[in-house]
Amino acid sequence: MAAHSGEQIVSGKNHHDALIGKIYDTSLMPGDWVDLLDTIAGWAGEQPDASGDASVEPLISHLERAVRSSSYIHALEDRNRILNSMYHQMPWPMLMLDDQMQVLECNPAAHRALADGPVQLLADGRLRFRDGELRRALKRVNTMAAGRQVQLLNSARDTLTLLCLPVEKSDAPGPVAHIRTIVWMLSGHHVVMPSPEMLQSVFNITQAESRLLHLLCKLGNLQQSAALLSISVHTARTQLKSTMAKLNASSQVQLVSQAMGHALVQTAQPEQAPPDTEYTMNLPDGRVLSWYEYGDPKGRPLLTLDNLGGAVPDHTLFDDWYRQQGLRVILVIRPGYGLSTARRGMQFRDLGPDLRALCGHLNLCRPSMAAYCGGGPYALCAAALEPDLFDRLGLLATTVPIEHFELDKLDRIHAMFLRLFRRDPRLFVLVGRLALRGVQRAPEKYFSRLAQSLCPGDQQVLNDPDLLARLIRRMRQSHFQGARIIIDEYLRLQQPWGVDLSQISIPVLMWHGDDDRVISVGGAHALARDIPGAQFRALPGLGRFLIYRVWQDFLTALLALPQAAPDPHGTSALHAPSPRS
């Protein structure tokens, strides 16, 4: 017995050392986080419940150190990404602003320029503007109400141009996580020398006008520029006035600042801008809410909420069909994703007022709502709490309340995360933070591992190069404010929703894949029984990513629902349709 006990101790120590080693290896190679999750979940499953916190605390301590180490590397990487050598070498005054328009950092040129002038840097980090319109325009950019693209703001009063670059939020700790916008102040500096061809293309001016503007950027003197072009000063003035009119510039200095700014925009612009526009509005409490629009701008409005993590679907795939059907599809971006301002302590029930504000902004009266996956809880709570908001509700592969989870039917990765959460929520959060970094660094590797425990239909989607590329692009686009929101939403799913779904009084259509290995069809059917009159369909052979197969059929069925009052006695189970191939 003693020898056997000794072997167990040695074996246990070796296992413990391997686990600790795996933790620190993952902090350096975050793409391997699934292996760490597997190891810790196995450890959690082996520990007797009676051991309590004593066995967890050392593991928590190592994870916290590993996360700090990973965060430090993360911060260095993101700072290098955001503030690369181009930004440091720019001779213009450069400011880094937080979300309150406080200056976090600025270059020496900014200190000199902001000591006195149209924009001044105060001792407490605030900026004082002589031109109130310019300040309001910068605030709009800084709150992302103006979008995420590089933008130029002009002050004709002060002959000043601000080049603004909204920055993707870093999840790393420290000052880099607070940078919201990088601003360059352009005012008569002759540094960027845009070519005549670029000027002609960008500003739609004539070849002669572009040659003159190029020299003005280089020399700053109209007479010298005219002489080099072998034209009279009178001709040069005529061309200058014509160019100023086309660019809506009130002075030669402003014209040159705009031209140089656009040259920098060509360098600072992201490599590939998204093909669709993210619209924004300001909510009554000052937050920004964003959305995308597809289909016919004058068509029948349909609101939709997306997946947990905001990754799918890519609605551009359905845009032509939306137009053919006369649909105006409005994809609402939840707080914390895209450009929609994060809301501390948000619950599923809190989105309804934002949706109502959006409907008022767009002059929509009781539109239909179709929610997919993680968007379902928000749509259900809004329908229960605000019965006059939608005229009908569709739920495709929706997430369900925790009491309806069939935990034994979860896919492997989600099951391991749930095991960690139940052992100690801190384990879930800490491993989740390493996982987020791993997904950001190596998304293809993550989706490849995820596919292994999903149904064949889901594997087909994730193995399709085009669909996978679209999914990853959407995921990165949605994480503009950082990816920590995903952990918040997963934690939200572990709590009761606190809303009586029996109060829903509009027609509800639910479709769910019967081979969904993330949210089981049994759990979805149990949710349907909580909703008066809900029509439920189980789709054979389909799983979590069924949206690419059945979205058009689903919307067709949803919009054909009669407006009769729902049956208060329960759900109506219907046979599954033939999904699109």
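This is a predicted model: local features need pLDDT of at least 70, side-chain atom pairs count only at pLDDT 80 or more; totals for chains, interfaces and linings use all residues.
Phe-348 is buried, and Tyr-378 is buried too; buried here stands for under 20% relative accessible area, exposed for over 50%, and partly exposed for what falls in between, with a 1.4 Å probe and protein chains only. Residues are numbered from 1 along each chain as its sequence is written, and side-chain values use heavy atoms, with hydrogens and water left out.

Let me stay with that first pair. Rings of Phe, Tyr and Trp, the last by its six-membered ring, pair if their centres lie within 6.5 Å; planes under 30 degrees apart are called stacked, over 60 edge-to-face, and the rest tilted. The count by this rule is eleven aromatic pairs. In the pair of Phe-348 and Tyr-378, the ring centres are 4.9 Å apart and the planes stand at 80 degrees, so this one is edge-to-face. Phe-348 sits in the loop between strand S11 (327–333) and helix H13 (352–361), and Tyr-378 in helix H14 (residues 376–385), so the pair ties together parts 30 residues apart in sequence. Helices (H or I, at least four residues) and strands (E, at least two) are DSSP runs, numbered from the N terminus.

Tyr-446 and Phe-447 make a tilted pair, at 4.9 Å centre to centre and 55 degrees between the planes. Tyr-446 is buried at a relative accessible area of 15%, and Phe-447 is buried at 6%. There is also a cluster, in which ring pairs link Phe-318, Trp-321 and Tyr-322.

Now the whole chain. It has 22 helices and 16 strands. Of its 581 residues, 54% count as buried.

Next, charges. Side chains of opposite charge can pair when their charged atoms come close. A salt bridge here is a side-chain nitrogen of Lys or Arg within 4 Å of a carboxyl oxygen of Asp or Glu. How many salt bridges does this rule give? The count is 22.

One of them joins Arg-426 and Glu-57, at 2.6 Å from N to O. Arg-426 is in helix H16 (residues 425–441) and Glu-57 in helix H3 (residues 56–82), so this pair ties together parts 369 residues apart in sequence. Arg-426 is partly exposed at 34% relative accessibility, and Glu-57 is partly exposed at 33%.

Arg-148 and Glu-278 form another, at 2.4 Å from N to O. Arg-148 is in the loop between helix H6 (132–142) and strand S5 (151–155), and Glu-278 in the loop between helix H11 (252–268) and strand S8 (279–282), 130 residues apart. Buried or exposed? Both Arg-148 and Glu-278 are buried. Arg-148 also lies over the face of Phe-480, 4.7 Å from the ring centre; the rule for that asks for NZ of Lys or CZ of Arg within 6 Å of the ring centre and within 35 degrees of the ring normal.

Asp-306 and Arg-334 meet in a salt bridge at 2.7 Å, N to O. Asp-306 is buried at a relative accessible area of 8%, and Arg-334 is buried at 1%. Salt bridges with shared partners also join Asp-314, Asp-466, Arg-470, Arg-473 and Arg-474 into one network. Within that group, Arg-474 lies over the face of Tyr-292, at 5.3 Å from the ring centre. Asp-314 has its C-alpha atom 7.1 Å from that of Leu-471, which is 157 residues away along the chain. Leu-471 is in helix H19 (residues 465–478) and is buried at 2% relative accessibility.

Last, strand S7 (residues 181–186). Six of its six residues are buried, so S7 is largely enclosed by the rest of the structure. Thr-181, Val-183 and Met-185 point one way, and Ile-182, Trp-184 and Leu-186 the other. Strands pair if DSSP finds at least two bridges between them. S7 pairs antiparallel with strand S1 (residues 94–97) over four bridges, where Leu-95 has Val-183 as its bridge partner. Six bridges join S7 to strand S6 (residues 160–166), also antiparallel, and there Thr-161 stands opposite Leu-186.
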